[in-house]
Structures are given as C-alpha cells and as structure tokens.
Amino acid sequence: MKGINGIFLLFFALMMFAFLFLGSVIMVISGDDPAKEESSGDQQQTDAPSCRFNTINDDVERYRDYFEKYASENDIEDHTEILMGMTMQESGGRLADVMQSSESMGDAVNTINDPETSIEQGVSYFADVLEQADGDTELALQAYNMGGGYIDYVEEHNSGEYSQESAEAFGNEQAVEMGWGNYGDENYVDNVMRYLEGCDGTEGEGDWGVPLDFITVTSEFGMRDHPIYNEQRLHAGIDFGCSTGDDIYAVADGTVIVATVQNSGLGQHVKIEHASDEYSVYGHMSDMSVRAWDDVKQGDKIGECGSTGTSTGAHLHLEYHTTNNASNDDKEDPRKVLGLEE
C-alpha cells in the first residue's frame with residue numbers, strides 16, 4: 001500500500017508542476033503579466049495632469065445629474081458646464097447652498113440647506129437672467145453675481161454689452177448706494193470661465209514656485225483704480241483667481257514670520273521670510289495651515305484661498321517684499337521671481 005501511495009503522490013506532484021508551467025507559458029504568450037499591469041497603473045498615475053485648480057472637482061461633479069436635470073427643465077442644456085463652473089466659483093461644492101442661490105430668492109446668504117434645492121433655484125435664476133441678457137452668456141454670468149440691475153446698467157451706460165470695466169463701475173455705484181465696502185465680483189466672468197479652459201499644467205520658471213495648482217492672473221502689480229476705494233492706489237502684488245478652499249502653497253523654503261487675521265486690508269494672511277531681502281506675502285485666505293515660526297518647504301500647503309479683509313471676491317493676493325517692514329518702495333512685481341511671462 002505504501003508503494004502505491006508513493007507512486008500516486010509522485011504522479012500528483014508531476015501533474016501540478018505541469019499545470020503551473022503551462023499556465024505561466026499561457027500568461028507570457030497572452031501578455032497577461034500581473035507585474036506589467038501594476039507598472040502600467042503606476043505610470044498612468046504619474047502621468048496624470050498635476051493641476052486640478054481649473055477643473056470641475058469631485059465635490060461639484062457628484063451633482064451633475066441635478067445640473068443636467070434642471071438645465072433641461074429650463075431649456076439651457078448647453079449651459080450645463082457653465083453652471084458647474086459657476087458652482088466651482090460659488091462654493092467649490094463644499095457648502096449646502098452650492099450655487100449660493102438663496103440671495104436670488106431674497107433670502108440671506110446660505111439660507112438654503114439642501115444642494116438640490118440650491119441647484120434648482122440657481123439654474124432657474126440663471127435661466128431668467130440669460131433670457132434678460134438675450135442669450136449673452138457673459139452678461140448673464142455677471143448679472144448672476146451682481147443681480148439683474150447690472151443688465152439695466154450696461155443697457156444705459158455700455159450699449160448693452162458686458163465688460164469688466166462696467167462691472168467694476170456698477171459694483172462701485174451699488175456699494176456707495178448701500179453703504180457697503182464692496183459689491184459683487186467684477187472678475188466673476190473670468191473666474192467662472194477658467195473652469196472650462198482645461199488643464200494645461202501652467203508652471204512658472206523663476207526662483208519661486210507657483211502658489212496655486214493653476215495660475216490665472218486677474219490683476220497685475222502697479223497703479224490702478226482701487227475697486228473699493230475708487231481712487232488711484234498702488235496694487236502692491238499680483239492677484240490670482242481661485243475658489244474659496246483651494247490650496248495655497250509656499251513659493252520657496254523659509255520661515256513663517258506672520259500668520260494673522262485682520263478685518264481689513266489683507267485679511268487672514270501669511271508672510272514668509274526666505275532670506276534677509278526676500279519675503280512673500282499671501283493675502284485674503286479663508287484658512288491658514290501654518291503658525292508663526294513654522295519652517296516650510298517650497299510647495300508646502302500654508303492655507304486656503306478666500307475673500308477675507310478688503311476684497312471683492314475669492315482670490316489670492318501675492319506680494320514680493322525686499323525688507324521685513326516693507327514700504328511701497330520695498331515691494332516688487334512678483335512676476336519675474338515667479339518666472340511668469342507677461
């Protein structure tokens with residue numbers, strides 16, 4: 001019996017070896033190499049676009065069915081992507097009132113506490129102003145931000161045409177009339193449309209890295225008409241478009257020497273010392289991820305985009321100082337050190 005059992009076990013072992021060998025050959029011939037599949041997956045992840053800033057994020061994408069549904073009900077299906085871009089600018093999908101549409105109902109900000117209700121109301125309101133604007137998408141977008149009165153304003157003052165200058169003028173007029181510090185966002189159209197431009201991975205080529213995942217300059221360094229105080233003042237930095245909650249990164253290695261909150265000016269802001277004659281300042285943050293005397297590396301997250309302080313809408317204001325307690329003479333255009341082309 002033992003001899004028979006030994007022969008049986010030997011036969012079984014030979015059969016198993018043949019089976020495994022044949023399976024390996026088949027896998028090689030068919031190209032089904034698990035190691036190659038894993039490598040391919042890793043390569044795809046590495047090659048994915050590095051920027052996410054001007055793309056529709058997952059927080060907004062999850063509501064696509066609602067946007068399509070209510071766009072269809074309002075006969076503006078071809079504006080679905082624009083509606084989602086508006087939502088990126090309004091909330092980034094992070095608030096219950098995702099389209100910030102409660103005000104269009106005459107209610108206070110963030111009164112709506114259900115995303116679908118917000119989208120239903122926001123799409124309906126946009127469809128209304130789009131009709132008032134005779135299908136002019138840019139005019140309708142600015143009216144969504146500033147109210148239907150903007151359409152009447154450009155009809156009287158700008159031949160019925162949208163322009164950023166007319167949006168700024170209307171906003172200043174309304175702010176004075178209401179006794180507010182500011183009214184609306186004159187950059188709203190550009191801020192929304194950037195989400196429809198695709199991801200090209202823009203990078204600077206200077207000593208500093210870029211402070212956001214994607215760069216859209218909305219206001220340059222230099223003298224300008226101040227959008228709130230309505231007078232010529234030095235704009236001592238560059239403004240970049242962004243949505244509330246977008247990550248902001250340190251442009252170079254250094255030490256945080258200011259991380260503070262103030263009600264006006266730069267609002268919640270951070271200042272980093274990179275050298276005795278090199279400082280970067282990041283204004284209007286909604287949140288800070290660092291404290292004073294923290295050491296940071298280039299690309300470290302230091303906060304999130306916002307509209308705190310003296311601001312007309314969510315953006316990052318970046319300054320380049322050559323001294324710690326800088327006067328205007330010690331503030332330079334950050335474009336060169338960022339390596340951004342004019």
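Student: Which residues of H5 are buried?

Tutor: This is a predicted model, in which local features need pLDDT of at least 70 and side-chain atom pairs count only at pLDDT 80 or more, while totals for chains, interfaces and linings use all residues. Residues are numbered from 1 along each chain as its sequence is written, and side-chain values use heavy atoms, leaving out hydrogens and water. Buried means under 20% relative accessible area with a 1.4 Å probe, protein chains only; helices are DSSP runs (H or I) of at least four residues, and strands (E) of at least two, numbered from the N terminus. The buried residues of H5 are Thr80, Ile82, Leu83, Met84, Gly85, Met86, Thr87, Met88 and Gln89.

Student: Which residues does Met86 contact beyond its neighbours within four places in sequence?

Tutor: Nine of the eleven residues of H5 (80–90) are buried, so this helix is largely enclosed by the rest of the structure. Met86 is among the residues with the most contacts inside the largest nonpolar core, of 41 residues (buried Ala, Val, Leu, Ile, Met, Phe, Trp, Tyr and Cys joined through side-chain atoms within 4.5 Å). Counting heavy atoms within 4.5 Å as contact, its partners are Met99, Phe126, Leu141, Tyr144, Tyr188 and Val192.

Student: Which strands stand at the edges of the open three-stranded sheet?

Tutor: The order is E5-E11-E9, with antiparallel pairing, where a pair requires at least two DSSP bridges. Each edge strand has a single partner, so one side of each lacks a neighbour in the sheet; these are E5 (247–249) and E9 (287–288).

Conventions: Buried < 20%, exposed > 50% of the residue type's maximum accessible area, 1.4 Å probe, protein only.
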